[in-house]
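These are my notebook entries on the contacts that I looked up in one structure. I began with charged pairs and then turned to rings and a helix.

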Amino acid sequence: MTEAALAEGSVGAAAAPARAGNKQLDLRVLLGLVLPVGLALGWEAAVRFGLAQGRLVPPPSRILQTFAELARSGELSTHVWATLWRVAVGFGLGAAGGILLGALSGISDTSRRLLDPTLQALRAIPSIAWVPLFILWLGIFEASKVALIAVGVFFPVYLGVAGAIMSVDRKLVEVGRVFRLSRSAQVRRILLPAILPETIIALRSGLGLGFMFVVAAEFMGASEGLGYLLVDGQQMGKPDRILAAIIAFALLGKLADAILVAATRPLLRWQDVSRERL
Amino acid sequence: MLVLDRLSKTYADGTAALSNVSLQVRPGEIVALIGGSGCGKTTALRLIAGLDRPSAGAVRLDDELVVEPHPAIGIVFQEPRLLPWHTVADNVGFGLMDRPAAERREIVAHALERVGLAEHAHRWPKELSGGQQQRVAIARSFVTRPKVLLLDEPFSALDAFTRASLHEHLFRLWDETRPTVLVVTHDVSEAVTLADRVVVMRPKPGRVDDELDLGLARPRDRMSAAVEVATRRVLAALDRSLKPVQNRPAGGPAGNALWW
Ligand SMILES: Nc1ncnc2c1ncn2[C@@H]1O[C@H](COP(=O)(O)OP(=O)(O)OP(=O)(O)O)[C@@H](O)[C@H]1O
Ligand SMILES: [Mg+2]
């Protein structure tokens, strides 16, 4: 990033105005909680009072209990780390490839004409369809799983980066030309900052897809990982384990996204957005 | 001396935006370009700035051919075009990145002082008003001390009061280094306030219709009889240039392959 975007911190005067609407916002948030909390409590009560068995749909207390047991026994952290490792490696590879090829496609017409048709054709294939081939090529273990995740991450990042470069404001590019910036200075001082917001959004959707594909990857014969926990719960007839794994997925996904957002926010303080990002 | 020598520009779609425009501007002279919409004023400035190539003819600055952006030629666009990811100070210093940081800071601080924005140095462009942003753009174009400064309707989006105060700021900056200034405007009173000479253009194809030497002393009193007479002369010339022509909206310039 440019030194200017990183330095000069204390400008936050614009952050205050949202305060006034807070109380109203709280009420609206509470309204959104009514349905899920109500259903959960209702189901809990129904099972408690013997109106339902709760064998296929365990009550919330049992799910939490299972979750706690999994966490205590260390089983949960084994699975979480296995999943996180696969997502991290797959995301890293897919994002790196997406940024690289996206940059090529966005920057030069020739390489776009060369690359884009093929990549668009490949994109039309549902990623899961690669699974049998990846297993044949890369074996049943980690490599094929990571490859599937990387493919899932690659496309949104590629599209986002290429699109961001192509839509850089011509007017700002001209400012760079008027001041006779060198090519590398143009990239550093105009291109990179201009594409940063869209690139981050592309990385976020890539990360989301990474979590989606890790489940698919772990369905195909894993011995650990949250996806394995899902399959295991099904085969053992333990819906509480399945739901505990789902909760873990939700937490992990949200956490990873939040980290990505928090890590990049300082780079985007200059942005003139209509509201704070989601 | 800035010389436009039989300058012509025909766009790829066949639009003859400029045809045979010749003009000479002395060092330190302020020339206003006026004329109806679509008569090639922006096109002319873009050719001088080296952002586009002429179809025929040439732009010369002190006998040097201008075919690409020239270090001694600066331009202020109709929009401020500040880089949103740079603070106000870094925007002003945008053309000075090859200078040592201390020197840059000093020049920037001085320029911001001159346009009355010293206390806004560390804010983001999004936190400024339109008029303040345009002042930053003007400061940015002055800090590189260009010999020629091109202004493309820099104040057209602003109210009359802000505009008058920007004329002041502009004039103060101009007075320090006395660059040649070529300013496009739709506003006759702006032309008369700023310019030594007014060039009236006419569209289809864009060409020079008339040139008026105002011969007004500085500083100018906008209420004086001399200014009033000059204003009437310019209005009359503008009227003549507009007579047989119906206005056309100007098309936005297109450009692909921005990077490579
Ligand atoms: N990139 C372009 N491609 C094709 N035609 C263009 C392009 N840019 C401008 N033109 C045409 O050239 C002519 C002159 O345009 P120009 O922008 O120079 O006019 P102008 O005098 O600045 O007008 P205005 O006062 O409305 O800004 C117009 O007819 C316009 O439609
Ligand atoms: Mg114009």
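**Entry 1. Salt bridges within chain B**

I first looked up B:Asp5, which forms a salt bridge with B:Arg60, the closest N and O atoms being 2.9 Å apart. I took a salt bridge as a side-chain nitrogen of Lys or Arg within 4 Å of a carboxyl oxygen of Asp or Glu. The pair links distant parts of the chain, 55 residues apart: B:Asp5 is in strand β1 (residues 2–10) and B:Arg60 in strand β4 (residues 56–61) of chain B. Helices (H or I, at least four residues) and strands (E, at least two) are DSSP runs, numbered from the N terminus. B:Arg60 counts as partly exposed because its relative accessibility is 25%; buried means under 20% relative accessible area, exposed over 50%, and partly exposed in between (1.4 Å probe, protein chains only).

I note that the model is predicted: local features need pLDDT of at least 70 and side-chain atom pairs count only at pLDDT 80 or more, while totals for chains, interfaces and linings use all residues. Residues are numbered from 1 along each chain as its sequence is written, chains are lettered from A and ligands numbered from 1 in the order in which they are written, and side-chain values use heavy atoms, with hydrogens and water left out.

I next found a salt bridge between the side chains of B:Arg46 and B:Asp52, at 2.8 Å from N to O. B:Arg46 has a relative accessible area of 8%, so B:Arg46 is buried.

**Entry 2. Salt bridges between chains**

How many salt bridges does the structure hold over all chains? I recorded 26. One of them joins B:Glu79 to A:Lys171, with 3.9 Å between the closest N and O atoms. This pair joins two chains, because B:Glu79 lies in the loop between β6 and α2 of chain B and A:Lys171 in helix α8 (residues 170–178) of chain A. B:Glu79 is partly exposed at 26% relative accessibility, and A:Lys171 is partly exposed at 29%. I also recorded a network of salt bridges that links A:Arg170, A:Lys171, A:Glu174, B:Arg46, B:Asp52, B:Glu79 and B:Arg81.

**Entry 3. The loop between β6 and α2 of chain B**

I placed B:His86 in the loop between β6 (73–76) and α2 (88–92) of chain B. Is B:His86 buried or exposed? Its relative accessibility is 1%, so B:His86 counts as buried. The side chain of B:His86 makes a polar contact with the side chain of A:Arg189 at 3.4 Å (a pair of N or O atoms within 3.5 Å; within protein, one must be able to donate a hydrogen and the other to accept it, and residues adjacent in sequence count only if both atoms are side-chain atoms).

**Entry 4. Aromatic pairs**

I counted six aromatic pairs over all chains. Rings of Phe, Tyr and Trp (its six-membered ring) pair if their centres lie within 6.5 Å; planes under 30 degrees apart count as stacked, over 60 as edge-to-face and the rest as tilted. A:Trp130 and A:Phe134 are stacked, at 6.0 Å centre to centre and 15° between the planes. The rings of A:Trp270 and B:Trp85 have centres 5.3 Å apart and planes at 75°, so this pair is edge-to-face. The pair crosses between chains, from the segment after α11 (239–264) of chain A to the loop between β6 and α2 of chain B. Both A:Trp270 and B:Trp85 are buried.

**Entry 5. Helix α7 of chain A**

I found 20 of the 25 residues of α7(A) buried.
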